Amino acid sequence: MQDEYRTVAHAGVHEIEINRSRFLCALAPAATEQEAQDFIASVRKEHADATHNCWAYVIGADASVQKASDDGEPGGTAGVPMLQMLLRREMRYVVAVVTRYYGGVKLGAGGLIRAYGGAVGETLDTLGTLTRRRFRLATVTVDHQRAGKVQNDLRATGRTVRDVRYGEAVTIEIGLPDADVDAFRAWLADATAGTAGFDLGGEAYGDA
């Protein structure tokens, strides 16, 4: 698994104009290929009268799924430069659709490549990106007496507390970088006089 990846902070649209052609780039996070395709379909529907709706998406922290479409533009002048821009910026779990309204001036192959790739790059700059980092899920089980202090200490040291459940004991779910697991285990034993339970779970990604 990748240690971290970047994705778009939120969905949004940014427009540029080149030689009277309007290029509207819509970007959105997409957890699955189906989500990416649904987003493309919704943009196509919204801009059904556009000259082209070209798209590209990258799914997977390791970019295992990469697809692109020129939607009628000359081969390799739209979808591929869009995809290359996403990969160059190390973007993952993201879908881009660039809608073109033709303005009457031909841009040529080089002009199209710059326009489509540039629209994606500008939109990434406008919307902003965030880094998501891989971590281990872990569960801390502690008695009620110590739970408050443990939670405060976790937050004070910047640990991600994901969930707290109260039963006979208090169960606190946290996220830990792999490298911190041993040090955390030692800290927890020290902080609770060895009374706390600690279980490691699977891996996930969270905001860095």
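**An exposed alanine and its surroundings**

Mentor: Ala 193 counts as exposed, because its relative accessibility is 60% (over 50% is exposed, under 20% is buried, and partly exposed lies in between, with a 1.4 Å probe and protein chains only). This is a predicted model, where local features need pLDDT of at least 70 and side-chain atom pairs pLDDT 80 or more, while totals for chains, interfaces and linings use all residues. Residues are numbered from 1 along each chain as its sequence is written, and side-chain values use heavy atoms, without hydrogens or water.

Now the backbone. Ala 193 is not a glycine, yet its phi is positive, about 55°. Look for Ala 193 in the loop between helix H5 (181-191) and strand E10 (197-207). Helices (H or I, at least four residues) and strands (E, at least two) are DSSP runs, numbered from the N terminus.

Asp 71 sits in the loop between strand E5 (65-69) and H2. Asp 71 is partly exposed, because its relative accessible area is 26%.

Helix H2 (residues 79-88) meets helix H3 (residues 108-127): their axes come within 8 Å and cross at roughly 35°. The axes are lines fitted to C-alpha atoms over the stretch in contact, with angles from 0 to 180 degrees between N-to-C directions. The crossing of H2 and H3 is right-handed (the near helix is turned clockwise from the far one by less than a right angle).

Which residues make the contact? From H2 come Pro 81, Met 82, Met 85 and Leu 86. From H3 come Ile 113, Tyr 116, Gly 117, Val 120, Gly 121 and Leu 124. Contact means heavy atoms within 4.5 Å. Eight of these residues are nonpolar, two are polar and none is charged. Gly counts as polar here, while Ala, Val, Leu, Ile, Met, Phe, Trp, Tyr, Cys and Pro are nonpolar and Asp, Glu, Lys and Arg are charged.

Step back to the protein. It has five helices and ten strands. Its radius of gyration is 23 Å, well over the 17 Å that the globule rule gives for 208 residues, so the protein is more spread out than a compact globule. That radius is taken over C-alpha atoms, and the rule is 2.2 Å times the number of residues to the power 0.38. The C-alpha atoms fill a box of roughly 75 × 30 × 25 Å along the principal axes. Of the 208 residues, 43% are buried.
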